Amino acid sequence: MRAAYYEEFGGSVTIKNLPDPTPPKDGVVIKVKATGLCLSDWHGWMGHDPDIHLPHVPGHELAGVVQAAGKGVIHWKPGDRVTLPFVCGCGGCPQCLSGNHQVCDHQFQPGFTGWGSFAEYVAIRYADVNLVRLPNSMDFVTAASLGCRFVTAFRGITAQGRVGAGQWVAVFGCGGVGLSAIMIADALGARVVAVDIADDKLDMARSVGASETINARSVDDVVEAVRSLSRGGVHVSVDALGSPRTCFDSVASLRKRGKHIQVGILNTEHRHAAVPMDLVIAHELEILGSHGIQAFEYGRLMDMIAAGKLHPEKLIGRTVSLEEGIAQLVVMDRFDQTGVTVINRF
């Protein structure tokens, strides 16, 4: 198979012909039809994830067709159209038994704990627990765009933030996960303040549901701007970028008893970011993480898409070849792309 491949962190990424994978006993091999490019892939390539062992094939936002199934797989067969969450739960640990597959003690993550989907084929473990059947009405590019960004935002907004109609929500960073959070919060009836440093991304944020936008480079005090627009602070705030500044500002923008959702990954040197703990105590704020979604929770998301309440296809910026995807992967930290990029030509 053709695959994107690297042998050192931060080094060259090349196209290489590698042996086709075989399905593990509890897993499947998927013929990849589309796979999203995510900033998490850049973090992995840079060596920010301790689970990656070299050499490596990146990619974790995928959709495709089951090519082969292991002997222990019950519910899936060749030809099935599928996607999956980027965190695959084992199904048997205490976390999975409590329904929290997204923090499984023995999780499999394509593109991190194993080789990923920037390839013609990818092997996936724990298939019966994690595969999600695609409706015939959903194309592979849209399914791949759900990836980790849309589904992580979905769980962050619905399960962690418990966003409801009439609430104010701030989203810091209007990349793929930020735009997803904006669209989902808007669909739930919230009023969204989008914050970024690029006007084109803020324009897109408004097009997918933001009520207000703030260019952080154009105001003296971002927190004060958010609190002013939201009449005293937001009920829920999402750091969708992952930086010391956006993390701090997200927490500081909350009204009393508000919730901060951390979705964006902070670089290694910033992973212990400063937090305005005085406000956390005095205002009884909540700080929550959001790490993927359980496969069984895709039902509500798919229902909202089918009902026309969510339109993830609107977030797709462009589709590219595997070669073009590699070129974009290594410069993702420039944040110069609008929307989600999906590889669909291998």
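1. Disulfides. A search of the whole structure, a predicted model, finds 0 disulfides, a disulfide being a pair of cysteine sulfur atoms within 2.5 Å. Cys96 is in none, and its nearest cysteine sulfur, that of Cys104, is 3.7 Å away. Cys96 is buried, at 6% relative accessible area. Here buried means under 20% relative accessible area, exposed over 50%, and partly exposed in between, with a 1.4 Å probe and protein chains only. Cys247 counts as buried at 8% relative accessibility.

2. Ground rules. Residues are numbered from 1 along each chain as its sequence is written. In this predicted model, local features need pLDDT of at least 70 and side-chain atom pairs count only at pLDDT 80 or more, while totals for chains, interfaces and linings use all residues; side-chain values use heavy atoms, with hydrogens and water left out.

3. The parallel sheet. An open sheet is formed by 6 strands, in the order S10-S9-S8-S11-S12-S13, with parallel pairing. Strand S10 (212-215) and strand S13 (286-289) are the edges, each pairing on one side only. Neighbouring strands are turned by 20° against each other on average, direction ignored. Two strands pair if DSSP finds at least two bridges between them. Helices (H or I, at least four residues) and strands (E, at least two) are DSSP runs, numbered from the N terminus. Axes are lines fitted to C-alpha atoms, for helices over the stretch in contact, and angles run from 0 to 180 degrees between N-to-C directions.

4. Strand S8. How many residues of S8 are buried? The count is 5 of the 5, so S8 is largely enclosed by the rest of the structure. Trp168, Ala170 and Phe172 point one way, Val169 and Val171 the other. In a regular strand the side chains alternate between the two faces of the sheet. S8 runs parallel to strand S9 (residues 191-196), and 5 bridges join them. Phe172 stands opposite Val195 in S9.

5. S11, S12 and a crossing helix. Strand S11 (residues 234-239) pairs with strand S12 (residues 254-262) in the parallel sense, over 5 bridges. Val238 has Ile261 in S12 as its bridge partner. Helix H8 (residues 244-252) lies across S8 (168-172), S11 and S12, and runs at about 150° to S12.

6. Nonpolar cores. The largest nonpolar core has 52 residues, and Ile157, Val169, Ile182 and Leu310 have the most contacts inside it. Helix H4 (residues 140-160) gives the largest share, 10 residues. A second, separate core of 20 residues includes Ile30, Phe108, Tyr126 and Leu131. Such a core is a set of buried Ala, Val, Leu, Ile, Met, Phe, Trp, Tyr and Cys residues joined through side-chain atoms within 4.5 Å. Leaving aside neighbours within four places in sequence, Val169 is in contact (heavy atoms within 4.5 Å) with residues including Ile157, Val163, Ala185, Val193 and Val234.

7. Helix H11. Which residues of helix H11 (residues 322-329) are buried? They are Leu322, Gly325, Ile326, Gln328 and Leu329. Seen down the axis of H11, the buried residues fall within an arc of 165°, so they line one face of the helix. That arc is of the directions from the helix axis to the C-beta atoms. The buried residues pack against strand S1 (2-5), strand S2 (14-17), strand S3 (28-37), helix H1 (39-46), strand S14 (316-321) and strand S15 (340-345). Ala327 also lies in H11, but Ala327 is partly exposed, at 48% relative accessible area. Ala327 and Asn344 are 17 residues apart in sequence and 15 Å apart in space, C-alpha to C-alpha.

8. Backbone points to check by eye. The peptide bond from Leu54 to Pro55 is cis, with omega near -5°. Pro55 sits in the loop between H1 and strand S4 (61-69). Arg231 is not a glycine, yet has a positive phi of about 60°. Arg231 is in the loop between helix H7 (222-229) and S11, and is exposed at 62% relative accessible area. Glu284, also a residue other than glycine, has a positive phi near 50°. Glu284 lies in the loop between helix H9 (277-282) and S13, and is partly exposed at 48%.
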